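Here is a friendly tour of one protein model, written to be read with the structure open beside it.

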Amino acid sequence: MKSRLYFVLFIAYFAMVAFVMYVNGVFTGEVTSFSNLMINGIFLGIIGVLFIISIASFLRLNRLTDELEDAAKDLQAGYKEAGNQNVWSALQEQKAFFDEKNLKDAFNKFRMRVKTKNPCDIEDFINEELLEKVGSNYYNSGISGTMTGLGILGTFIGLSLGLGSFSGDDIYTISDNVGPLLSGMKVAFHTSVYGIIFSLIFNFVYRSIMADAYEKLDYFLNAFRQCAMPPSAGSSDENTAAMLVYQANLANYMKEILALAKGEARDQAKALDQMSQAFLGQIQSAMNTEFRDLGAALKLAAQSQSVNAESNKALLDAAGALVESNRSMQETINHMLERQEMFAETLKKQQEELTGACEEISRDVSTQLHTFEQMRGIYENKN
């Protein structure tokens, strides 16, 4: 019933035409202003043309949605006759399943897509966008605003006509021009009234028709998916296999990362050991040098102690240098020990994180494989 509401537009239009003719005295033969009648006639003629274009689009949309509804009923009947079995095998070769051109083209595209074994849904081709295209949604969505705009335009035209014929300098001449002013205001009032009325009525009719079309589309899509949806097991198997390959590649990639990290850890440990050996060698060399200098200084001080007081100062300076060298060496050793501890902790933490990540990936892969086995079992039981 909603799909036939466009008859309301005819009723409202002819009723408004009769009203305008009546208030302008056409039925009584007392036409007071031919300009008012002409302006209202032009506006009503424009609105009539817009209504005719809209009604033509509504008729196309109704033919399409009625065919969708009939097709859904045929699918359900064929499904029952086949013992609740999928009827796609018989449907895919049926050339005249749809008669409407847009539906026929969309369904043929769906069949070609299915033949290429690419997973898809019937809604990818027969959907709300198709309904809006056939129903000229780009046009009808603006009609309501156009009606309101025409009413406002008629208001300004009527006021312009009335004010243009209004003149006078005193009360007597002004009273003589009140008639043309009121005549212009009548045009303004009438165009505003039927512009707003037509806008409201059209908006209600249009939304009701589109709502009915969407309901019929949902009815067809549900019936098709239940009774004639092409088997998607092949595409599901391919998707599942692709997913398993991806997960296996991901696991191998993580293993390579872990092996690389382990190799880097070994290389870093080896480099650290070499650096430590070099540092210890430098320390030993420095210590031997310092002790040799200290011995020479002591020997020189012992020989010249009784002769030169400056030998004592040299001895003190050498002892101070030795203390400073020992202190620097101790700080360096402590710093390296701290860095070694931090590095060992970092390596241990990275190893734990990588081990946990690999275990988590292994658990995910095992879970998905288990889910796949269950899905395949369910699918094989259904078939």
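## Cysteines and the overall fold

Cysteine 227 counts as buried, because its relative accessibility is 1% and the cut-off for buried is under 20%. Please keep in mind that this is a predicted model. Cysteine 120 is buried too, with a relative accessible area of 19%. A disulfide is a covalent bond between the sulfur atoms of two cysteines. The count of disulfides in this model comes to zero.

Now for the wider view. The secondary structure comes to eleven helices and zero strands. Read from the N terminus on, the elements run α-α-α-α-α-α-α-α-α-α-α. The protein has 383 residues, and 31% of them count as buried.

## Salt bridges

Side chains of opposite charge can pair when their charged atoms come close. How many salt bridges does the count come to? The count comes to six. The table shows some of them.

| Salt bridge | Distance, N to O |
|---|---|
| aspartate 105 and lysine 101 | 3.1 Å |
| arginine 225 and glutamate 123 | 2.6 Å |
| lysine 216 and aspartate 212 | 3.4 Å |

Start with the salt bridge between arginine 225 and glutamate 123, at 2.6 Å from N to O. Arginine 225 is partly exposed, with a relative accessible area of 34%. Glutamate 123 also counts as partly exposed, at 35% relative accessibility.

Aspartate 105 and lysine 101 sit four residues apart in helix α4 (residues 101–115), so about one helical turn separates them. Lysine 101 is exposed, with a relative accessible area of 58%, while aspartate 105 is partly exposed at 32%.

Lysine 216 and aspartate 212 are likewise four residues apart, this time in helix α9, and therefore about one helical turn separates them.

A search of the whole structure finds 23 aromatic pairs. One of them is formed by phenylalanine 97 and phenylalanine 98, an edge-to-face pair with 4.6 Å from centre to centre and 70 degrees between the planes. Phenylalanine 97 and phenylalanine 98 are both buried.

There is also an aromatic cluster, made up of Tyr13, Phe14, Phe51, Phe58, Tyr194, Phe198, Phe202 and Tyr206.

## Threonine 146

Helix α7 (residues 143–164) holds threonine 146. Which backbone oxygen does the side chain of threonine 146 reach? The side chain reaches the backbone oxygen of glycine 142, at 2.7 Å. Threonine 146 is partly exposed, with a relative accessible area of 34%. Leucine 50 is 96 residues away from threonine 146 in sequence, yet their C-alpha atoms are 9.4 Å apart in space.

## Two positive phi angles

Most residues other than glycine have a negative phi. Asparagine 84 has a positive value, with phi near 60 degrees, and lies in the loop between α2 (34–81) and α3 (88–91). Serine 136, which is not a glycine either, has a positive phi of about 50 degrees. Its place is the loop between α5 and α6 (137–140). Serine 136 counts as buried, at 7% relative accessibility.

Methods
Residues numbered from 1 in each chain as written. Predicted model: local features only at pLDDT ≥ 70, side-chain atom pairs only at ≥ 80, totals over all residues. Heavy atoms only, no water. Buried < 20%, exposed > 50% of the residue type's maximum accessible area, 1.4 Å probe, protein only. Polar contact = N/O pair within 3.5 Å; in protein donor to acceptor, adjacent residues only side chain to side chain. Phe/Tyr/Trp six-rings, centres within 6.5 Å; stacked < 30°, edge-to-face > 60°. Disulfide = S-S within 2.5 Å. Salt bridge = Lys/Arg side-chain N within 4 Å of Asp/Glu carboxyl O.
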